[in-house]
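Visitor: I have the model open and would like a quick tour. Please take my questions one by one.

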Amino acid sequence: MEQNNIQKTEKIFSLIDSLEQQHTLSLMEYEYLITHRCPEAARVLSEKASRMCRRIYGNAIYIRGLIEISNFCKNDCLYCGIRRSNRNCDRYRLTADEILKCCEEGHALGFRTFVLQGGEDSFFTDDIMCDIIRKIKNQYPDCAVTLSLGERSRSSYLALFEAGADRYLLRHETADEEHYKKLHPPDMSFSNRMQCLQELRDIGYQVGCGFMTGSPYQTAFALAQDLKFVEAFHPDMCGIGPFIPHTSTPFYHMPAGDAELTCYLLSILRLIYPPVLLPATTALGTIDPEGREKGILAGANVVMPNLSPVSVRSKYQLYNNKACTGDESAQNKNSLSQRMEAIGYEIVTCRGDIKRK
């Protein structure tokens, strides 16, 4: 038994070394890394990942101002608190003036990227969104505009890009098609999600994807497929965070994911594609009071404090007890900065674009 454990340990560290040098493993090797994770492997991975990140970005942590523009959504994803079937959701949508006011406040606070995120809300047509984007870019030409508005048509993505949008975040949620079907209703398509990501890339956006850790029915093999997808797609940004159940969804009784697995995978992602922008997500900060710090130490280099009007922050509840105040609030940037400095990092004021080799 002891000899067998020694062999497993030797293999996992050999895989970690190989990943650091080659930035690729086989699907089965990724699965092995996940299945046989242990505290020592996590420590070695985080050391290698943070060293790799510092080599490219130094000790800089990029900040994005998150503006949650609407919690209306046409979709009925089984894990999401703003799904259309949730009658307990207190719906809202921001006006163009409210969005611009958030940008005004954010710019004064030092934010140079605004992330406009929302459910798939048909109210925000191409004309309305293009007008908002143009106004932001005209008033704040030194800023990047990131959109996270779900699946839209190619012509819509193109119009938004031509209006001035720089980046688009679209979580793929899982790269395993069968797993995707267990998380989404029949009217949603895995192939369409993947097609959208490719169209965004073809149009010229800086593209972000992402997935949940510990989501219902997730296997180590499904996570390995996520890693292999990131390896092939080379996203500019990859957002991952633990699954946290919401009381008004079919998955209300499912166990939450954990910070440790999320951080372990953040480290692997950094080694897979060293320049990738990796956020220490709100979900990570929600499930663990020190989640942000743990994520940064594992290789993340982006944080996204909330710039939404205080009156609506609690309404954008994708999962239970979502953190939206305290250091998750953009207004507490100084406190967040102090927390980052305490672990050897520095929040910087710039657009925070990816630094490709």
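Visitor: Is Val115 buried or exposed?

Guide: First, the ground rules: this is a predicted model, where local features need pLDDT of at least 70, side-chain atom pairs count only at pLDDT 80 or more, and totals for chains, interfaces and linings use all residues. Residues are numbered from 1 along each chain as its sequence is written, and side-chain values use heavy atoms, with hydrogens and water left out. Buried means under 20% relative accessible area, exposed over 50%, and partly exposed in between (1.4 Å probe, protein chains only). Val115 has 1% relative accessibility, so Val115 counts as buried.

Visitor: Which strand holds Val115?

Guide: Strands (E, at least two residues) and helices (H or I, at least four) are DSSP runs, numbered from the N terminus. The strand that includes Val115 covers residues 113-118. Its name is β3.

Visitor: Which residues does Val115 touch, leaving out those up to four places away in sequence?

Guide: Contact means heavy atoms within 4.5 Å. With residues up to four places away not counted, Val115 touches Arg64, Gly65, Leu66, Ile67, Thr146, Leu169 and Met304.

Visitor: How far apart in space are Val115 and Ala298?

Guide: In sequence, 183 residues separate Val115 and Ala298. In space, C-alpha to C-alpha, the separation is 23 Å.

Visitor: What is the relative accessibility of Leu116?

Guide: Leu116 is also found in strand β3. Leu116 counts as buried, and its relative accessibility is 0%.

Visitor: How far apart in space are Leu116 and Leu149?

Guide: Leu116 touches Leu149, as well as others including Ile67, Ile99 and Met129. The pair sits 33 residues apart in sequence. C-alpha to C-alpha, Leu116 and Leu149 are 7.6 Å apart.

Visitor: How many helices are in the chain?

Guide: The chain has nine strands. Its helices number 14.

Visitor: Why is the chain called as compact as a globular protein of that length?

Guide: The radius of gyration is taken over C-alpha atoms, and the globule rule is 2.2 Å times the number of residues to the power 0.38. For 357 residues that rule gives 21 Å. The chain is close to this, so it is as compact as a globular protein of that length, with a radius of gyration of 20 Å.

Visitor: What percentage of the contacts between residues at least 6 apart in sequence join residues at least 24 apart?

Guide: Buried residues make up 60% of the chain's 357 residues. Now take the contacts between residues at least 6 apart in sequence. The share that joins residues at least 24 apart is 75%.

Visitor: How far apart are the mean positions of the positive and negative charges?

Guide: Lys and Arg count as positive, Asp and Glu as negative; His and the chain ends are not counted. Each charge is placed at NZ of Lys, CZ of Arg, CG of Asp or CD of Glu. There are 41 positive and 44 negative charges. Their mean positions are apart by 2 Å.

Visitor: What distance does helix α3 reach from its first C-alpha to its last?

Guide: Helix α3 spans residues 39-57, 19 residues in total.

Visitor: Which residue follows α3 with a positive phi?

Guide: Buried residues in α3 include Ala41, Val44, Leu45 and Lys48. After the helix comes a residue with phi near 65°. That residue is Gly58.

Visitor: Which elements do the buried residues of α9 pack against?

Guide: Helix α9 covers residues 220-233. Its buried residues include Leu223, Leu227, Phe229 and Phe233. They pack against α2 (27-35), α7 (177-183), α8 (190-203), β6 (206-213), β7 (237-242) and α10 (259-272).

Visitor: Is Ala232 buried or exposed?

Guide: Ala232 lies in helix α9. Its relative accessibility is 67%, so Ala232 counts as exposed.

Visitor: What is the phi of His234?

Guide: His234 lies in the loop between α9 and β7. At 33% relative accessibility, His234 is partly exposed. His234 is not a glycine, yet its phi is positive, at about 50°.

Visitor: Where is Glu173?

Guide: Glu173 also has a positive phi, near 75°. Its relative accessible area is 9%, so Glu173 is buried. Its place is the loop between β5 (167-169) and α7.

Methods. Expected span 1.5 Å × (residues − 1).
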